[in-house]
Amino acid sequence: MLSGSRCPVCAEPWVAPRLLPCLHLLCAPCLRRLGAPGRTAALSVLCPVCDAEVALPPGGVAQLTPDYLALGRGAAAAGGCDMCVDGAAVRRCRTCGAHLCLFCSRAHRRQKKTASHTVAELENIKDCSQAGKPLFCPSHPTEELRLFCEQCDWPICRDCVIDGHQQHPYDFTGNVIYRHGNSLRELLKSIQQHMDTLEDVLDQTDDTGNAIHSRAEAVAAEISLFADGYVKAIEEHRDQLLKQLEDLKVQNENLLHLQKAQLEQLLLDMRTGVEFTEHLLARGSDLEILITKGVVASRLARLNSVAYSTHPSVDNGIQFSPQERAGQCCGYEVFGAILNKVVDPAKCTLQGEDLHNARQNQLTGFTVLCNDTTGEQMGRGGETVQVTVTHKDKRDCTVKATVYDNSDGTYHISYSPEEPGLYAVCVCVKGQHVQGSPFTLTVKNKFRKHQGVFHCCTFCSSRGQKAPHCACGGTMPGGYQGCGRGHKGHPGCPHWSCCGQVMESSECLGGPPSDTSQRSLLRTVAL
């Protein structure tokens, strides 16, 4: 945007306007006032138009480029005639640059000195500038700027050539204006292309902003619709839960009332039988007792055989689980369910292939099945299951057990004992032992690799194999001694390997083992 006829800082007509690197104009006095107070020469100033910090040349404000175009606009905006004080300027002399009113322009043409001057209408002069008006050198005020120094890139006068530009390449301004003007036009064309691109980007930005605004409004409507539907679903689910809770309460109360009535009737029948029998025994004669003994004994026996529960038929274990999935309600997934099942540690069981045996440094485990008071599996997790594994002979030797909740009412227990021996395993749910707890765990030594020399019965009992296997699963490397063809001459085959376990094959080519050979062999085997 072109600057007006007044300074944007002082709002007064231009006084020595200077062009900043950001291409904004300020009066020289205003620029000096913008410098830092207390400093003789400011290094930079903050443009009050665009807030850009611009660096000043070494010479300060005075070395900033003057804008004669702004002076021309200011003079044109003033509208006054340069020859008189009353007339309004309507024409301009292209030769001397004077602004003339209608009367003075006619007189300008009649005078001998200015008769040859060319006068044009102001509206026909490009931008009402000072084009055609001579500009004088600031260093030599009487000399007109007609030359341009290529090396210094600055207009000069004839005296400037003599003073400091004699060795510099220079030419008349009319000769170089086309080259420099074309260079500016190329830069202008490139900038204009960027401007077109920026305008397109700004249009796209505005369109995107409008689209974002519209989309945000649409999404807000969707959110409101979803929230309203969700609130409605939650309220309906709440009503269903409250109704379910009320039905459950009434059902449990009815069961308690029925149990209470049955127990009260049974107690009344027993009290009647007790009172009658006590009265009979205390007041009746021997004959009366013997006569009624059959009926009384039958009634008392029947009352003694009546089965009844020593606990209420229902409990107060109604719970609410907010994390429990409750399916769909009005098309929305809802959470929160009423739980009426309560785990009964006495009904919980243990499962495992080899629950009471384990191997040293081998991971093993079992499963805990949590059931309710009716023996039905809970079907959900969240119970507190505690497992302790303690060595019976070494109280300070314990095994850390890991409890994994399968979320279906079962819990997998895993552990790896480091020491062989007998362990006491305690499994508690809610602090109470489950069925089969505590139980004894036998941890056996881990398998050992066979080493050393083996007796000939190893060869025989394996039916002649040179690499026989022990019952523990290991291969017996090394050699073997003896005839290798049965037990002719031997007292018998004990079927023992180096680790003391029975061989896979219990048959021997030499016949059944004897106690004597078995003891003899055990003394000679290298463990």
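# A tour of charges and a hairpin

Start with aspartate 206, which is found in helix 5, residues 173–283. Keep in mind that this is a predicted model. Is aspartate 206 buried, exposed or partly exposed? Its relative accessibility is 47%, so aspartate 206 counts as partly exposed.

**Next stop: helix 5 and helix 6**

Stay with helix 5 and select aspartate 269. Its partner is arginine 299; the two side chains meet in a salt bridge, 3.6 Å from N to O. Arginine 299 lies in helix 6 (residues 286–305) and aspartate 269 in helix 5, so this pair ties together parts that are 30 residues apart in sequence. Check how open each end is. Arginine 299 has a relative accessible area of 33%, which makes it partly exposed. Aspartate 269 is partly exposed too, at 22%.

**Next stop: helix 4**

Select arginine 158 and glutamate 143. They form a salt bridge, and the closest N and O atoms are 3.3 Å apart. What does this pair tie together? Arginine 158 lies in helix 4 (residues 158–165), while glutamate 143 sits in the loop between strand 8 (119–121) and strand 9 (147–149), so the bridge links parts that are 15 residues apart in sequence. Now compare the surroundings of the two residues. Arginine 158 counts as exposed, because its relative accessibility is 59%. Glutamate 143 counts as buried, because its relative accessibility is 16%.

**Next stop: a buried pair**

Jump to glutamate 383 and arginine 380. Here is another salt bridge, with the closest N and O atoms 3.7 Å apart. Are these two residues buried or exposed? Both glutamate 383 and arginine 380 are buried. The count for the model comes to ten salt bridges, and this tour has shown some of them.

**Last stop: a hairpin**

Select strand 12 (residues 319–329) and strand 13 (residues 332–339). The two strands run antiparallel, and six bridges join them. Look across the pair at glutamine 328: opposite it stands glutamate 333 in strand 13. Then move to the turn. Strand 12 and strand 13 form a hairpin, with two residues between them. Which residue in the turn has a positive phi? Select cysteine 330: its phi is about 60°. While you are here, follow the side chains along a strand. In a regular strand they alternate between the two faces of the sheet.

Methods. Residues numbered from 1 in each chain as written. Predicted model: local features only at pLDDT ≥ 70, side-chain atom pairs only at ≥ 80, totals over all residues. Heavy atoms only, no water. Helix = DSSP H or I, 4+ residues; strand = E, 2+ residues; numbered from the N terminus. Buried < 20%, exposed > 50% of the residue type's maximum accessible area, 1.4 Å probe, protein only. Pairing = 2+ DSSP bridges. Salt bridge = Lys/Arg side-chain N within 4 Å of Asp/Glu carboxyl O.
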